There are 2 protein chains.
Amino acid sequence: MIETSRRRDIEDAASSLFRERGYAATSVRDIARALDIQGPSLYAHVASKEDVLWAIVDRVACRFEEAARVSSDVDAAPPDRFAGLVRGHVGVVVSDVGQASVFVHEWRHLSGPRRQAVLLRRDAYEALFRDVIRDGIADGSFVMTDPSLAATFVLTALNGITGWYRPDGHVGPTQLGDVYADLAVRSLTEASR
Amino acid sequence: MIETSRRRDIEDAASSLFRERGYAATSVRDIARALDIQGPSLYAHVASKEDVLWAIVDRVACRFEEAARVSSDVDAAPPDRFAGLVRGHVGVVVSDVGQASVFVHEWRHLSGPRRQAVLLRRDAYEALFRDVIRDGIADGSFVMTDPSLAATFVLTALNGITGWYRPDGHVGPTQLGDVYADLAVRSLTEASR
């Protein structure tokens, strides 16, 4: 338990620093200093800076995947399924904007198989959005459009939340999820004139 | 002329490094090394690393402002004006994705009056988007929605282009501007059912 909580502290401190300065400009010593411990003590918990980045990225990826599973209802109409995906994604981002920001901006600093694994998971996740768009085009709910470009348009807007959202700001998480789901679904739906 | 071209080289090299590693992890020496010159020679052209960042951010900001001016047609209907703003913004981003990426992600590292100036210019630019949305709501072209959230949704999607666009990719700049303008205008327009 102590080990788990210590690791969580390390990931939180690292998230703040990675987000503020970027992964490349943050050293293990910076992370240790933020936790008021010695660099060598930190190495008792993590093998490397990239290990910490990986832990954060993996955790956020799992949250996105879980949110998509929870929102998934194969019997629902494509616009409702798409709205569910958007609300789920927004929920994950606003639940921890710092970690989500590291996931969005810093995952590129992972190397080798980890980087490859994240690329594959990102693509599988984006495919959920593309597939619902395709289903919506097929059943006439959505306009003919490039499903890949449309999914990218929406997902970059959702990930952009990491750049401006404040938990103490004037927009609540549920309101944001609802407004963004409406904007996203409308962006794919034929206009009334 | 030589001075101007040298400064342009410096800004290009700095853009690549700022984009790749982040501003904080890039030193003046890194920029000099990328240009194969000595650090001290670089200081003959620029006073500081922040000076280079400022030059890039200011240049991109001017391009965005100019694109908005060019697309502006006060007599056009709000959906057409909004589409023009979107196409203009996409055009600036894809014309130099590296510099646009630095503008979007690294401007926060500016300090003092420069940071303040960029904040004011960003807000004035975003206000152009918000105002067209307000006009569209007022004349019934657009649905009732929060103009500020809607403008943020669209602008973050447009700025997200810096994260994935490749000049040699399968989507051309004009096609991207058109598809994104359609998505953005539809996101604000009442659906046909």
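The model is a predicted one, in which local features need pLDDT of at least 70 and side-chain atom pairs count only at pLDDT 80 or more, whereas totals for chains, interfaces and linings use all residues. Residues are numbered from 1 along each chain as its sequence is written, and chains are lettered from A and ligands numbered from 1 in the order in which they are written.

D36(A) is located in the loop between helix 2 (28-34) and helix 3 (39-42) of chain A; helices (H or I, at least four residues) are DSSP runs numbered from the N terminus. The phi angle of D36(A) is positive, near 60 degrees, in a residue other than glycine. In chain B, D36(B) likewise is not a glycine and has a positive phi of about 60 degrees. D36(B) is found in the loop between helix 2 (28-34) and helix 3 (39-42) of chain B, and counts as exposed because it has 7 C-beta neighbours inside 10 Å.

Buried residues of helix 4 of chain A include V52(A), W54(A), I56(A), V60(A), F64(A) and A67(A). The loop between helix 4 and helix 5 (78-95) of chain A contains D75(A), which counts as exposed with 6 C-beta neighbours inside 10 Å. The C-alpha atoms of D75(A) and S141(A) are separated by 14 Å, the two residues being 66 residues apart along the chain.

The contact between the chains takes 26 residues from chain A and 26 residues from chain B, two residues being in contact if their C-beta atoms, placed from the backbone, lie within 7 Å. On the side of chain A that touches chain B, helix 8 (147-159) and helix 9 (173-187) of chain A each supply at least two residues. Helix 8 of chain A gives the most to this side, with 7 residues.

Chain A is superposed on chain B by a rotation of 180 degrees with 0.0 Å of shift along its axis (RMSD 0.0 Å). The two copies are thus related as by a two-fold rotation axis. Superposition was by least squares on the C-alpha atoms of residues with pLDDT of at least 70 in both copies.

Key:
Buried ≥ 20, exposed ≤ 12 C-beta atoms within 10 Å, placed from the backbone.
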